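Hi everyone, thanks for making time this morning. Let's bring it up on the screen.

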Protein chains: 2
Amino acid sequence: MKKVRILVALLSTMMVLAACGNINTTQQSPSTTNKKKTQTTGQTDSGNYQGVITNGHYLTSKSRGVTNDQDANQLNLKSFENGLLNVSKKQFKPSKYVFQEGQYLSSGTVTDWLGRKSKDNPDGLNPVDNGQKDADKRNPLYLQAIEEQDYMTQNGNDLKLGGITIGIGLNSVDYYTKEKYGAQYSTKISDEQMKTQGREIAAKVLKRLRRTKGVGADTPIVIALYKQAPDDSLVGGTFFSYDVSDGNALGNWQAINQRNVVFPSAGGTSESGTSNDESNFENFKTQVQNFFPNLSGVTAQAQYQDNNLAGMNVTITTQFYSETEIISFTEYLAQVAPKYLPAGVPIDITVQSTDGVQSFLSRDAGQRKFTTHVFGSY
Amino acid sequence: MKKVRILVALLSTMMVLAACGNINTTQQSPSTTNKKKTQTTGQTDSGNYQGVITNGHYLTSKSRGVTNDQDANQLNLKSFENGLLNVSKKQFKPSKYVFQEGQYLSSGTVTDWLGRKSKDNPDGLNPVDNGQKDADKRNPLYLQAIEEQDYMTQNGNDLKLGGITIGIGLNSVDYYTKEKYGAQYSTKISDEQMKTQGREIAAKVLKRLRRTKGVGADTPIVIALYKQAPDDSLVGGTFFSYDVSDGNALGNWQAINQRNVVFPSAGGTSESGTSNDESNFENFKTQVQNFFPNLSGVTAQAQYQDNNLAGMNVTITTQFYSETEIISFTEYLAQVAPKYLPAGVPIDITVQSTDGVQSFLSRDAGQRKFTTHVFGSY
């Protein structure tokens, strides 16, 4: 009886897997290793890509987790990947393409490319070490991260490479030590230097990618340049330029006008063009901060696109409060947030304590009301 | 110009506050201290109570944060308060009553009541210290926590007490040390003992509450008995009995048949009546755990009401993964969860890494599809 049940469970599992996603599974034959059972993750939102699952496992990137090791600001990682998805959406529509983690650049390749050029590492895309230790005399590391994303088209039962996006993360500040475990120094890199270096690196990456096995001579390749935020930044960096090539040349760079801002701004001096949003935020903050006898910390990340507010993440940090207090607080936030926070842009509000996230509210661009969720426990 | 703007901001703030919630504000006159500006938090969901805000501040409990200090299991706190709200909803409908944190029992009162009875503390509701140190010979602490919740009716511009709910938290295990900072010992308390002691304590609490200023002789008072989970439990405790009185007597105790269970169950032996839900959960777990090359931890809390599954909280713990991996994983979860997890009950799924909550999925009792949210950052 038990065996039968397990068999039924197994069979239904397989049927469910087969029904998963949009791609029909190909017959798995152990003799041909190239034939893989491929499915997609499904889509929760038409603005997002589906991902690729092979034999029940997510197809992770061949260069998973490789960046130059001094990337101390985790925010850069999130905004780099999210931003790269957004740049890709300009070229590869989520309705037509399936997202696949980079499969053409291996960890070894990316590690070599991120290194300094040297006798041992002729492929290094960072400048040779000139032996100098002075911030202004040394050759800084311009290149911090390379990320590959593949965009696949569905062709019958198979996925075929339809395009590649490469993100190139460039340092605005290069942190270094003069001796091992020594004090940290830094070399500032100007936007102009970053742009020049970024474009030179991009040209080399494009040429090398064209020579990589599996990448067609005319596969569209998007290369996007990203300015890393400094280590002490409370927001991640932003993409500032991208180009698309279906050959060996770049030269039609498009500007991306994006800015990340923190509210409240340091020293009360808001950046140009943000003062209205900041005063709205400040009003909201005043309302919220006095709700409990103990002060709550209220901060926000805001993103500007072509000088218009594009979205906001509000974080409210409370001390430990009881469950009923969190429920009431969340209800109150749902009432005051639409009145004070800027309209027409997506906004997330996260309420957290030392025990982690307690509740959160979210609103899409087109909505006025927030949906709320209080994290419970049995 | 700036002053005018501030004034306008202030005025609009006051107008917004006045428009907040359902209760009209009364004119604030500094000479009569009783006249307070009262509003409510608003309601995000018709099944939840609104809370009370006085002069812009949340009206916190007079005995905020008082429990016997050895309550090491935080899960008890959440399930105690959530459970008490649910018991209250049987008697006080959220559409008719406004929730107010307890205002009649002060911190001092509750602290005295939670203590052992002694010459210095004649009001102590825990038994006298008999001097014994043996687990079976000593008088254990039966009473662990007392929580008061007030349910208010709206009467013109004022809120009036409409009822009180008292939660009485009782130990299933009493932890103690034989000397200060010594090793921890424990006394087990049987369900029968707990019930007898709980009812005796409830009778005393009811009498004392009737004598408290502001509590009417016939105000409905709900008293609910809660069994605390042991310190090592991965779920909180449950309410097992409640009674309603509009006089001085109790004696119509209603049983609450509630159970919290953890999946996967320890040693693979599931509790009676949960095996079907557990095997569904195990199938889901198998699907999910193999998604990434590194194993993910998948656990769940399930609540049973009258032996029927009433809800589930699934927690998936991953190592650090990239943003695109979390997006794909969340899409995948949204696809497999409806197929494997039990239908017809509310389910939350939280994906967390060492950096905190990464994404979450949620479904109400009546839905099939999950709503998803990936926590982003700019």
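Before I point at anything, a quick word on terms: a helix here is a DSSP run of H or I with at least four residues, and helices are numbered from the N terminus. And please keep in mind that what you see is a predicted model.

With that, let's go to helix H5 of chain B, which covers residues 275–289 and includes B:Gln289. Is B:Gln289 buried or exposed? Its relative accessible area is 17%, and because the cut-off for buried is under 20%, B:Gln289 counts as buried. And what does B:Gln289 touch, once we leave out residues up to four places away in sequence? The answer is B:Asn294, B:Leu295, B:Ser296, B:Gly297 and B:Val298.

Next stop, a glycine. B:Gly163 sits in strand S6 of chain B, residues 158–170. Its relative accessibility is 0%, so B:Gly163 counts as buried. Leaving out residues up to four places away in sequence, the contacts of B:Gly163 are B:Phe92, B:Gln149, B:Asp150, B:Tyr151, B:Thr219 and B:Pro220. If you like distances, here is one: B:Gly163 and B:Phe99 are 64 residues apart along the chain, and their C-alpha atoms are separated by 10.0 Å.

Now for some strand pairing. Please find strand S15 of chain B, residues 347–353. Six of its seven residues are buried, so S15(B) is largely enclosed by the rest of the structure. Which strands does S15(B) pair with? One partner is strand S14 of chain B, residues 308–317, in the parallel sense over six bridges. Within that pairing, B:Asn313 has B:Asp348 of S15(B) as its bridge partner. Another partner is strand S16 of chain B, residues 356–363, in the antiparallel sense over seven bridges. There, B:Ser353 is bridged to B:Gly356 of S16(B). A hairpin of two residues makes the link from S15(B) to S16(B). As a reminder for anyone looking at side chains, in a regular strand they alternate between the two faces of the sheet.

Finally, let's zoom out to both chains.

Conventions:
Residues are numbered from 1 along each chain as its sequence is written. Chains are lettered from A and ligands numbered from 1 in the order in which they are written. This is a predicted model: local features need pLDDT of at least 70, side-chain atom pairs count only at pLDDT 80 or more; totals for chains, interfaces and linings use all residues. Side-chain values use heavy atoms; hydrogens and water are left out. Buried means under 20% relative accessible area, exposed over 50%, partly exposed in between (1.4 Å probe, protein chains only). Contact means heavy atoms within 4.5 Å. Two strands pair if DSSP finds at least two bridges between them.
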